[in-house]
Amino acid sequence: MNELSLKEQNSGLKNTITVLIGALLMGLLWCIRGETGWGASWGLLNAGFIFTLYLICLMGGRKKFGLGWLSITSISFMLTTPAWGTVIRQITGVITCEYEGQDYIAAYVPIYSAAFLMLCIGFGIAIFYGLLLGKAYSNRQWKLWHMLVLAAVYYAVMYISKATVSHGVLKLIQPQAGEIFGRGLVEAEQSGGIWKNYIQHFDNKEWAKNIFGGRNYFATIEIISSAIASIAAILAVRFIIKDKRSANVGLLVCCAFAIAITLADLFYFFGKGGYHGEQGYMFSGFIKAREMWEYATGFIAGGIITAGIIRMKPQADRDDIFTMAVPSVLKEILTFLFGYVVLIAVNSVRPIMERFEGSMNQLIYMVIAGLVSLGLIIWIAVTCGINVNKVDMRYYASKMLVVALVHNLLIYMFIGTEDCIAVNAINTLHVILMLCSFTFALTWAIINLVRVRRSLIQK
């Protein structure tokens with residue numbers, strides 16, 4: 001075997017391991033995201049932060065990989081989360097709606113309509129995160145107006161779609177959603193029809209929950225609109241901002257989650273008894289449908305995103321212009337606050353607060369969590385650099401990845417009231433997979449940290 005083919009084999013093995021770790025890591029983070037303490041959007045902040053640390057470890061050394069970019073990108077993950085509670089079970093071919101505290105089968109629907117809505121959920125779930133992630137890998141220098149254009153296009157198209165085209169798309173794909181909502185309006189003695197009532201109560205989800213079928217209709221309109229707005233945002237970045245790399249990575253992330261969240265929905269199909277639920281519960285207590293849906297979503301998406309990222313060819317690395325326009329002192333203060341304080345403190349204190357909700361000791365645990373996060377902030381800042389402009393991001397990311405993994409698993413497994421700690425469900429498949437994912441991801445993170453520290457010492 002010649003030297004070139006040996007190098008190719010080693011490179012192939014390394015890439016395989018890298019993709020597998022990315023899949024295991026996002027599977028771990030996405031399953032944590034759905035648990036008590038993190039929640040839908042706040043859990044995405046945690047997942048975005050830690051997964052981005054992993055990507056920095058893989059592709060670090062770029063000027064655009066700063067604490068400011070890390071904080072903005074991580075926070076962006078939680079800004080575009082559509083509601084999906086009424087949709088994920090539609091894979092069995094039924095729409096269920098709540099009435100007087102009980103769920104009822106409101107209509108039977110074709111499975112393709114459920115799959116379409118799941119694809120829309122996934123496509124729209126992380127558009128800002130994907131585009132900002134891609135921005136860091138591109139040679140395009142973004143200006144302030146670029147960021148404003150991105151936000152303006154996304155939200156303008158989102159709200160216009162909610163008011164117009166999404167209703168037609170839903171009627172074409174799944175007319176049953178409108179029919180149920182229409183019946184609910186009649187029962188509630190609301191005049192004016194579906195579209196008029198939607199416009200009158202635009203984005204008022206609390207009002208919709210009081211109408212039979214209203215919560216589902218409002219959610220599906222938002223899901224479709226989110227996907228349309230995400231397409232518009234990608235096109236705006238590609239043709240107005242003219243950043244092809246950012247648009248491509250944004251598309252990669254959107255497609256990854258669209259595929260992942262839809263395929264993972266099969267756990268709900270089998271967990272809820274198959275087509276129309278006629279086969280009863282098809283899993284034993286060992287397999288939990290929701291938890292496995294969460295884990296599988298992250299695993300598939302994380303693997304696809306990592307595979308796409310490591311295949312990218314490096315482009316010229318230049319600081320964004322819009323960050324240069326911020327006064328240096330203000331920039332350093334904001335970067336320190338968001339890069340050190342917000343990302344660490346929020347992901348430390350909030351899960352504890354939520355997991356001890358209703359407990360008499362909640363305040364005590366929050367104070368302890370606050371002190372721990374304060375100590376962690378001081379330690380990270382001192383060891384990685386108080387001067388945020390001189391922080392070695394590969395070292396910061398390598399160290400924080402180890403700390404964040406241990407911190408997340410300890411809370412997930414052991415800290416909280418009896419009904420939410422995962423150690424009580426140690427004999428279920430998703431917890432076993434979580435422990436395996438943690439073991440492999442932490443091992444990789446420790447090896448990477450040792451390697452980075454050695455390279456710094458050698459310098």
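Residues are numbered from 1 along each chain as its sequence is written, and side-chain values use heavy atoms, with hydrogens and water left out. Because the model is predicted, local features need pLDDT of at least 70 and side-chain atom pairs count only at pLDDT 80 or more, while totals for chains, interfaces and linings use all residues.

Rolling a probe the size of a water molecule over the atoms shows where empty space is left. Here, a cavity is a set of points, on a 1 Å grid over the protein atoms alone, where a 1.4 Å probe fits but cannot get out. Grid points are joined across faces, edges and corners, and a volume is the space filled by probe spheres set on the points. Searching the whole structure gives two cavities of 30 Å³ or more.

The largest cavity has a volume of about 90 Å³. Its lining (residues with an atom within 4 Å of a point) comprises 13 residues, with Phe49, Asn347, Met400, Ala404 and His407 nearest the centre. Two or more lining residues come from each of H2 (40-59), H16 (328-355) and H18 (393-414), helices being DSSP runs of H or I with at least four residues, numbered from the N terminus. H18 supplies the largest share, five residues. By class (Ala, Val, Leu, Ile, Met, Phe, Trp, Tyr, Cys and Pro nonpolar; Asp, Glu, Lys and Arg charged; the others, Gly among them, polar), this lining holds eight nonpolar, five polar and no charged residues.

Terms used. 1 Å grid on protein atoms, 1.4 Å probe; cavity = no way out; pocket = protein on both sides within 12 Å on 5 of 7 lines; lining within 4 Å.
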